[in-house]
Amino acid sequence: MSLAFTYALIGVGLFTMGLYALIVHAHLLRKILALNIMGSGVFMILVALAKRSGDVPDPVPHAMVITGIVVAVSATALALTLMLKLNATSGRATLVDDRQD
Amino acid sequence: MHETLSQIPWALVLILLPLVTGMLAFLWPRLAIPLGLMTAAMQILAVIGLGWQIHSTNDAAYHHAVGGWGAPLGIVLYADGLSLLMLTVTALVGLGVSIYSVEYFQREQALRFWPIWLFLLAALNALFLTADIFNLYVTLELLGLAAVTLTALAGSKAALDGAMRYLLATLLGSLCYLLGVALLYHSYGTVDISTLAERVEATPAVWAALGLMGAGLILKTALFPLHFWLPPAHASAPAPVSAILSALVIKAAFYILLRLWLTIFSPLNESAATLLGLLGGAAVLWGSLQALRQTRLKLLIAYSTVAQIGYLFLAFPLAAAAALSTWNAVAYLALSHALAKAALFLAAGNLLCFGGHDRIADFDRVVRRLPITAAALALAGVSIIGLPPSGGFIGKWLLLETALGQGRWDLVIVMLLGGLLAAAYVFKVLGHSFTEADVMHEAGAVPKIMEWSALLLAIAAVVLGFLAVPVLDWFGLGEVVGIRAVSS
């Protein structure tokens with residue numbers, strides 16, 4: 001098993017762990033972190049698979065990852081702002097459970 | 001004059017104009033309303049110009065290499081009948097919603113609404129004009145972030161909660177989609193849709209990509225059972241925003257799914273189509289039943305969206321045998337649903353303004369006191385149910401005819417039941433708007449512009465029913481489907 005493939009597998013592992021945490025945890029900060037970890041997993045897969053043959057890696061996935069990081073930063077900023085606003089209006093940082101209302 | 005008009009790259013105008021006016025509206029809030037209206041009107045012209053350019057090409061598709069850089073390195077804008085359809089929907093609904101929003105938003109909210117709405121338009125147009133799967137990801141994220149921000153605009157606890165749910169769902173969907181892009185790029189070394197369509201085979205990696213991208217996009221389209229985020233977000237947003245979300249934003253994710261389905265994933269169609277059809281059928285029944293149970297108008301309309309999205313997915317199992325008539329039906333359903341649903345949400349906004357609530361049972365003689373809004377509700381309802389002569393009727397009739405032709409009685413029954421349930425929930429609303437409520441209330445003033453823009457959208461949805469042949473000719477989906485047959 002090549003090193004690149006190992007990294008890609010770790011990426012898949014990060015994606016799965018993030019997905020699990022996103023579903024299981026109620027606190028919004030944990031959900032946002034989980035999404036970030038899922039994103040890192042995807043980026044890692046992209047970068048690892050960029051090694052095709054020989055020593056020169058394919059630059060296109062690197063460009064994709066840079067774009068992806070920009071998107072992830074903006075999305076995280078928006079998510080954190082929303083979380084703070086929600087915390088300020090409802091006094092807690094979790095989603096309101098419909099079943100309790 | 002004629003020459004110069006055909007030389008203008010309308011596709012670029014469609015992306016750059018809302019982007020630039022959005023920034024200007026952010027910098028000079030006083031100019032926001034004229035800028036927004038100007039952009040919405042210009043969009044109609046640009047779509048007509050682009051449609052004309054598409055028709056004057058040989059292969060019925062428009063290509064534009066941005067900055068003169070071609071496919072593998074640069075970004076290519078691409079438009080065919082399917083793109084044209086979605087751009088037309090966006091331009092029409094965009095104009096109606098923009099006119100409505102002039103009166104709807106008060107000073108403080110208007111400052112925030114206009115720039116984000118224009119950015120959302122730019123993202124939508126760019127999404128419909130892109131030709132590679134990675135740019136689709138970027139535009140999808142831009143669209144999602146703008147849509148979430150608009151949802152949160154009201155600032156209430158319910159709105160923030162709905163927006164947060166929406167954000168988590170949309171980010172999860174995008175990440176699944178991006179992982180699919182990574183797999184496809186690794187397997188075939190390109191992100192260009194037409195090149196991918198030529199190279200793709202039914203390998204495990206492509207199956208995994210279909211699963212991931214399909215799941216991500218279904219989540220964003222709010223297909224049953226992944227619709228959980230939609231009702232809270234669409235019901236708690238301001239009325240024009242709900243209209244935008246229901247009519248345009250979820251259609252964008254559906255468009256990507258359809259586009260990939262017709263090109264990249266065509267070798268895998270058969271087995272996945274059954275699943276999509278099954279989910280679509282479940283969505284029609286579940287969404288309609290939930291809509292019928294709701295006591296608040298906006299929630300009812302939001303669940304109706306879940307049901308109507310289901311119809312679009314019923315087409316997938318039918319398309320293998322009769323591609324053209326099925327996709328024509330989907331085009332008509334998407335177009336008329338966008339117009340009718342936007343009209344419904346705008347009318348609901350009027351009722352909220354008027355009575356200060358949207359509890360269906362407490363509507364107090366709406367028909368007498370807000371006749372234009374009541375007419376908008378009724379006409380849009382006619383199209384949602386699928387009664388002749390509305391656009392919704394044509395779409396459902398085409399789909400029903402195809403299903404009957406193939407002996408798919410299960411789908412026929414689902415469609416007919418969906419229609420009956422839709423009639424039940426539309427008449428539930430209309431019935432209460434004729435009667436007096438137990439508690440009388442004073443009427444709030446509703447600006448005439450808000451009433452008329454809702455009515456005009458509803459009329460457009462009905463008028464579509466009379467124009468089926470020219471409209472379908474203009475989009476020319478046969479070319480889109482035909483191109484697939486050659487490449488697969």
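Here are a few worked exercises on a predicted two-chain model.

Ground rules: residues count from 1 along each chain as its sequence is written, and chains are lettered from A, with ligands numbered from 1, in the order in which they are written. Since we're on a predicted model, local features need pLDDT of at least 70 and side-chain atom pairs count only at pLDDT 80 or more, while totals for chains, interfaces and linings use all residues.

**Exercise 1. Work out how H18(B) and H19(B) pack.**

Step 1: get the geometry. H18 of chain B spans residues 391-405 and H19 of chain B spans 409-434; helices here are DSSP runs (H or I, at least four residues; strands are E, at least two), numbered from the N terminus. Their axes come within 9 Å and cross at roughly 155°. Axes are lines fitted to C-alpha atoms, for helices over the stretch in contact, with angles from 0 to 180 degrees between N-to-C directions.

Step 2: classify the angle. Over 145 degrees counts as roughly antiparallel (under 35 is roughly parallel, 65 to 115 roughly perpendicular, the rest oblique), so H18(B) and H19(B) are roughly antiparallel.

Step 3: get the hand. H18(B) passes H19(B) in a left-handed crossing, meaning the near helix is turned anticlockwise from the far one by less than a right angle; clockwise would be right-handed.

Step 4: list the contact (C-beta atoms, placed from the backbone, within 7 Å). H18(B) brings B:Lys396, B:Leu399, B:Leu400, B:Ala403 and B:Leu404, and H19(B) answers with B:Leu411, B:Val412, B:Met415 and B:Gly419. That makes seven nonpolar, one polar and one charged (nonpolar: Ala, Val, Leu, Ile, Met, Phe, Trp, Tyr, Cys and Pro; charged: Asp, Glu, Lys and Arg; polar: the others, Gly among them).

**Exercise 2. Do likewise for H15(B) and H20(B).**

Step 1: H15 of chain B (323-355) and H20 of chain B (448-463) have axes 8 Å apart, at an angle of about 155°.

Step 2: this pair is therefore roughly antiparallel, and the crossing is left-handed.

Step 3: the contact includes B:Leu339, B:Ala343 and B:Leu346 of H15(B), and B:Ala454, B:Leu457 and B:Ala461 of H20(B). By class, its residues split into 12 nonpolar, three polar and one charged.

**Exercise 3. Describe the side of chain A that touches chain B.**

Step 1: the contact takes 28 residues from chain A and 23 from chain B.

Step 2: H1 (3-24), H2 (28-49) and H3 (59-90) of chain A each supply at least two residues of that side. H3(A) gives the most, 15 residues.

Step 3: by class, the chain A side has 20 nonpolar, six polar and two charged residues.

Step 4: check confidence. Mean pLDDT (the predictor's confidence in each residue, from 0 to 100) is 87 for chain A, and 92% of its residues reach 70 or more.

Conventions. Contact = placed C-beta atoms within 7 Å.
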